[in-house]
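Subject: The structure you asked about

Hi there,

Here is the structure to look at when you have a moment.

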Protein chains: 2
Amino acid sequence: MTLVHELDNEGHSLHLLSFDYGQRHARELAYARKCAERLGVTYDEIDLSSIGKLLKGSALTDGTVLVAKGHYAYDTMSATVVPNRNTIMLAVAYGIAVSEGSAAVAIGIHSGDHLLYPDCRPEFIEAFEQMEKTATEQDIQLLVPFLHLSKSEIVTIGENLGVPFQDTWSCYEGGDVHCGLCGTCIERREAFELAGIRDPTVYASTGEPG
Amino acid sequence: MTLVHELDNEGHSLHLLSFDYGQRHARELAYARKCAERLGVTYDEIDLSSIGKLLKGSALTDGTVLVAKGHYAYDTMSATVVPNRNTIMLAVAYGIAVSEGSAAVAIGIHSGDHLLYPDCRPEFIEAFEQMEKTATEQDIQLLVPFLHLSKSEIVTIGENLGVPFQDTWSCYEGGDVHCGLCGTCIERREAFELAGIRDPTVYASTGEPG
């Protein structure tokens with residue numbers, strides 16, 4: 001959401017896309033819509049739920065897989081990999097960009113994603129942008145301003161832009177408030193702490209993951 | 001559909017995917033399902049209709065754009081380009097392939113598609129397969145056995161495999177039978193003629209496009 005505020009602040013005309021791929025944390029969609037309303041930008045929710053059901057084995061889309069507690073680490077959090085998720089979302093965004101004559105597509109990938117998710121790494125970004133030149137015969141840029149930034153650096157940028165962090169969502173569980181203990185909650189808590197910025201998030205627990 | 005019969009004939013274990021992207025010619029989906037039942041292979045229809053609405057300006061998805069009559073040619077048929085369509089469909093197929101541990105993804109692109117559709121060209125296929133290696137960290141092959149074949153050569157292959165051509169669909173119009181006059185109908189008619197194979201298709205008209 002910090003990405004949207006940053007691009008809006010830079011004066012770009014935006015079309016915000018969010019994706020329902022059957023994730024447990026569909027609550028993030030409501031916050032995306034609220035963000036678009038706040039900034040007065042076009043918003044569309046892309047329904048990919050028929051795909052989510054087929055992307056088996058991920059804790060994010062498969063109700064039978066548990067979301068791991070604790071820090072991101074390959075052995076515990078690899079269950080949260082939704083295969084090819086960014087590829088699919090970016091391909092859709094590029095199709096719409098061609099339709100609308102957009103100059104660029106942007107995605108908020110950050111450095112913390114690199115270890116676990118291959119479709120968040122710089123070499124993927126480069127390969128994808130090149131592939132789209134052949135697919136569309138156009139030179140639509142792929143903007144990844146946070147690619148080499150940490151979550152705490154992004155929190156700092158967001159704070160300076162006035163992002164209402166209480167209206168953002170990270171938790172991979174489907175609860176009413178952030179669980180506070182899954183990998184993405186732990187990283188969210190640490191990001192605010194490292195940035196020295198007050199965290200307005202309501203967490204079900206702020207203890208250590210068991 | 002000839003592709004599915006060919007791969008089945010080669011002994012591959014198949015998962016057939018068809019895509020509803022809001023195309024006028026949704027009739028092709030029913031024939032895809034029938035093909036899967038005939039061969040006894042897994043079948044899934046992917047609902048991308050929420051995307052189709054956003055891919056504006058294509059005669060295939062936008063009810064306000066007319067489907068051009070006559071031969072494929074850049075000036076008349078460019079309205080049938082759905083931007084990034086193959087990229088989106090292949091990205092979905094690769095996600096499912098990773099989930100299921102598949103060795104390959106196949107698509108029935110043929111040489112007649114190259115002029116008009118950039119995401120049907122050999123350089124796209126190569127760039128896409130490379131990109132997916134970075135996106136998935138796996139070496140899933142992209143099979144395009146018809147890439148350099150003409151429609152009449154594909155008809156010949158299909159005839160030898162016993163493909164029931166009366167249960168296949170090409171027409172871009174949404175009628176009850178093939179219109180016989182749109183670009184893809186003209187090419188279908190010519191393909192059978194060139195191959196010297198009886199065409200079982202019912203056409204509304206077999207005249208020259210006016």
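This is a predicted model: local features need pLDDT of at least 70, side-chain atom pairs count only at pLDDT 80 or more; totals for chains, interfaces and linings use all residues.

Let me start with a question: which elements of chain B do the buried residues of α1(B) pack against? They pack against β1 (15-20), α2 (27-39), β3 (104-106) and α7 (151-161) of chain B. The residues in question, from helix α1 (residues 2-9) of chain B, are T2(B), L3(B), V4(B), E6(B) and L7(B). After α1(B) comes G11(B), with a positive phi near 95°.

The average pLDDT of chain A is 88, and 86% of its residues score at least 70. For the complex, the predictor reports an ipTM of 0.88 and a pTM of 0.89.

The overall layout

Chain A contains 8 helices and 4 strands. If you follow the sequence, they come in the pattern α-β-α-β-α-α-α-β-α-β-α-α. Of the 210 residues in chain A, 40% are buried. Among the contacts in chain A with a separation of 6 or more, 69% are between residues 24 or more positions apart.

The core

In soluble globular proteins, nonpolar side chains tend to be buried together. In this model, the largest nonpolar core has 86 residues, and A93(A) and A93(B) are the ones that touch the most other members. If you set aside the neighbours within four places in sequence, the contacts of A93(A) are L17(A) and V105(A).

How the two chains meet

How many residues of chain A are in contact with chain B? There are 33, and they meet 33 residues of chain B. Four elements of chain A each supply at least two residues of the side that touches chain B: β2 (42-47), α3 (49-52), α5 (85-100) and α6 (122-136). By type, the residues on that side of chain A are 17 nonpolar, 9 polar and 7 charged.

As for the symmetry, chain A is superposed on chain B by a rotation of 180° with 0.0 Å of shift along the axis, and the RMSD is 0.0 Å. The two copies are therefore related as by a two-fold rotation axis. Both copies use the same surface, as 100% of the contact residues of chain A recur in chain B.

Some single residues to look at

E137(A) is not a glycine, yet its phi is positive, about 55°. You will find E137(A) in the loop between α6 and β4 of chain A. Is E137(A) buried, exposed or partly exposed? E137(A) counts as partly exposed because it has 15 C-beta neighbours inside 10 Å. In chain B, E137(B) also has a positive phi, near 55°, in a residue other than glycine. E137(B) sits in the loop between α6 (122-136) and β4 (141-143) of chain B. With 15 C-beta neighbours inside 10 Å, E137(B) is likewise partly exposed.

Next is L147(A), in the loop between β4 (141-143) and α7 (151-161) of chain A. L147(A) has 17 other C-beta atoms within 10 Å, so it is partly exposed. Leaving out neighbours within four places in sequence, the contacts of L147(A) are I109(A), S111(A), P122(A) and I125(A). One of these, I109(A), is 38 residues from L147(A) in sequence and 5.4 Å from it in space, C-alpha to C-alpha.

Finally, go to R198(B), in the segment after α8 (183-195) of chain B. R198(B) counts as exposed because it has 8 C-beta neighbours inside 10 Å. Between R198(B) and I46(B) there are 152 residues of separation in sequence and 33 Å in space, C-alpha to C-alpha.

Happy to go through any of this with you.

Best wishes

Notes
Residues are numbered from 1 along each chain as its sequence is written. Chains are lettered from A and ligands numbered from 1 in the order in which they are written. pLDDT is the predictor's confidence in each residue, from 0 to 100. A nonpolar core is a set of buried Ala, Val, Leu, Ile, Met, Phe, Trp, Tyr and Cys residues joined through C-beta atoms within 7 Å. A residue is buried if 20 or more other C-beta atoms lie within 10 Å of its own, exposed if 12 or fewer, and partly exposed in between; C-beta atoms are placed from the backbone. Two residues are in contact if their C-beta atoms, placed from the backbone, lie within 7 Å. Copies are superposed by least squares on the C-alpha atoms of residues with pLDDT of at least 70 in both. Ala, Val, Leu, Ile, Met, Phe, Trp, Tyr, Cys and Pro count as nonpolar, Asp, Glu, Lys and Arg as charged, and the others, Gly among them, as polar.
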